[in-house]
Number of protein chains: 2
Amino acid sequence: MKLKMMYSFLNSDINIIEKKLEEAIQSGSPLLQQASMHTLQAGGKRIRPVFVLLAGKFGKYDIDVMKDVAVALELIHMASLVHDDVIDNADLRRGAPTVKSKWDNQIAMYTGDFVFALSLELMANIKNPAAHKILANTIVEVTIGEIQQIKDKYRYNQNFRDYLRRIKRKTALLIATSCQLGAIAAGAPESVHKKLYQFGYYVGMSFQIIDDILDFTSTEEELCKPAGIDLLQGNITAPVLFAMENDLNRKEIIKVKESTSPEQMAEIITLVKQSGAIEKSFALSDLYLEKALTVLADLPANKVKKTLRDIAKFIGRRKF
Amino acid sequence: MKLKMMYSFLNSDINIIEKKLEEAIQSGSPLLQQASMHTLQAGGKRIRPVFVLLAGKFGKYDIDVMKDVAVALELIHMASLVHDDVIDNADLRRGAPTVKSKWDNQIAMYTGDFVFALSLELMANIKNPAAHKILANTIVEVTIGEIQQIKDKYRYNQNFRDYLRRIKRKTALLIATSCQLGAIAAGAPESVHKKLYQFGYYVGMSFQIIDDILDFTSTEEELCKPAGIDLLQGNITAPVLFAMENDLNRKEIIKVKESTSPEQMAEIITLVKQSGAIEKSFALSDLYLEKALTVLADLPANKVKKTLRDIAKFIGRRKF
């Protein structure tokens, strides 16, 4: 089953979200609109708004309230992508034929700031002070994670604790917060929104581990970027860490640096795949997925529980 | 009288703010702490926290509440400076002997994000929903202004409307918001906090016009940067706009571009000074200052009104 089919009953609400995302961006100058629209149209699964809406079904679901939280969370995600692009462009620039001028980086930085500010405007509609605290804490953690990610690049002596903390900040926290704020905005009790946070956290961890696996197992066409690009850019992910548990593999992998050629990278990718690291990474993802499903089972009866389970399983086991 | 002497009765509270600013930054990684501390120690007048505190005196002043708003506003200001530095470093880099690596720009971007996120954590302590709306709107405007400032660079056919809108977003709005949120946090009535917003807005406009004058009239030692650097970087400010009202001056000024030599810039600075543009700019600043004082007179009797008047006059007429 396709992901979108799992929550087709939300279609009209998701259209509202999509429209509101476009509307929000319209408030900027033409240049800001263009730059933001570029990110918006790049798409993505809108998984954060979907979690906001589904979590809202555990309380008094009112799309007029839910939409502000859903759009805000997607905008925060977008803003972080725009800022990450500044970094990624910088790295890709060295090998790529077209050199991005600094102008682009400046615009990207300010576009990220703008998109992020838009999310605050929407969140300001939410009266619950707890929601603001939770979101602010999450954003602080995400920004700490962003710097940490730069510092951890090509640091081959890092361990799983470093990796897990990084993907928590990079991905899991915002998905956890989407689930929790959706429930809070709908006035769900604390026992429920805290469990939804846990659920989102585990799903987010599983999600990112799969993402990191796909960097090795997908083709360039599926990824829209070269396979192994994470490692080439110095991102040490679960498959790399598992592969490095073998000393011979480790010796080869730690040679990877920005200037490593595509041919050398192809060899490294094969090496990672043959080391059993992919299977171990899937098992790690499954561990988080199982935890997510356990928390989910513990939530009050609700017809969206099946939807959340389907999405979690899809995300945690997807092949592209 | 020195600026700090004007509000010496706030000294112990300002020390609390200063301590809390340092504390807030400690929550980051060592690298983030270092990068943030650099901006923090660069100092500045802490004029936004001072306005927050003084505005709070129009309500039930509780430093435990006020400090969160005061620190949040200063952090937002800091964050915008850090992001502006990315732009400025980029420009200065071309002429400077030491080339800043991209690494620094990345860190600056994420440090700005982090410092901004910290401000949200503090603001989350403020329960008043109106405060969040006002601040969010201001931040959106500031980010729109940041992009506009890039687009307006070296655009010599802009007019005063462009300039005034730009300095409103760049400076006046955040000072206005500092005044208003200080009053709101202290529970002052709407009639009062709206007037304080107006007061802050006019003071902020005057403040920025003076800043733009000083770029021409101060020495390099006073500014800690070369005189005329704003114009060299393409920033068309009040003195430039006034000077360009004369066609002969205009012909010379519009030749200024990034590659203009220090000798050529010295000639342009002399030309601006001799055109009467500095005096006209002071008159423009005075106009806003007078408006600020009129609004202030209309506020309820309060002993801090004299302090606010002194600060406004100092800011609006300072010589360095």
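The questions and answers below concern a predicted model with chains A and B.

Biologist: By what turn can chain A be laid on chain B, and what kind of axis relates the two copies?

Modeller: Chain A goes onto chain B with an RMSD of 0.0 Å. The shift along the axis is 0.0 Å, and the turn is 180°. The two copies are therefore related as by a two-fold rotation axis.

Biologist: Which residue of chain A has the C-alpha nearest the axis?

Modeller: In chain A, the C-alpha nearest the axis is 3.5 Å from it. That atom belongs to A:Met109.

Biologist: How many of the contact residues of chain A recur in chain B, as a percentage?

Modeller: The contact takes 44 residues from chain A and 43 residues from chain B. The same surface serves both copies. The share of chain A contact residues that recur in chain B is 98%.

Biologist: What share of the area buried between chain A and chain B comes from carbon and sulfur atoms, and how many salt bridges are counted there?

Modeller: About 4000 Å² is buried between chain A and chain B, and carbon and sulfur atoms give 71% of this area. Across the interface, seven residue pairs are in polar contact, both residues being at pLDDT 80 or more. The count of salt bridges between the two chains is zero.

Biologist: Which elements give two or more residues to the side of chain A that touches chain B?

Modeller: The elements that meet this condition are helices of chain A. They are H3 (30-41), H5 (63-93), H6 (102-123) and H7.

Biologist: Is A:Leu53 buried or exposed, and what is its relative accessible area?

Modeller: A:Leu53 lies in helix H4 (residues 47-56) of chain A. Leaving aside neighbours within four places in sequence, its contacts include A:Leu10, A:Ile14, A:Ile17, A:Tyr61 and A:Met66. A:Ile63 is also in contact with A:Leu53, and the C-alpha atoms of these two residues, 10 residues apart along the chain, are separated by 8.1 Å. A:Leu53 is buried, because its relative accessible area is 0%.

Terms used:
Residues numbered from 1 in each chain as written. Chains lettered and ligands numbered in written order. Predicted model: local features only at pLDDT ≥ 70, side-chain atom pairs only at ≥ 80, totals over all residues. Heavy atoms only, no water. Helix = DSSP H or I, 4+ residues; strand = E, 2+ residues; numbered from the N terminus. Buried < 20%, exposed > 50% of the residue type's maximum accessible area, 1.4 Å probe, protein only. Contact = heavy atoms within 4.5 Å. Least-squares fit on C-alpha atoms with pLDDT ≥ 70 in both. Buried area = accessible area lost by both parts, 1.4 Å probe. Salt bridge = Lys/Arg side-chain N within 4 Å of Asp/Glu carboxyl O. Polar contact = N/O pair within 3.5 Å; in protein donor to acceptor, adjacent residues only side chain to side chain.
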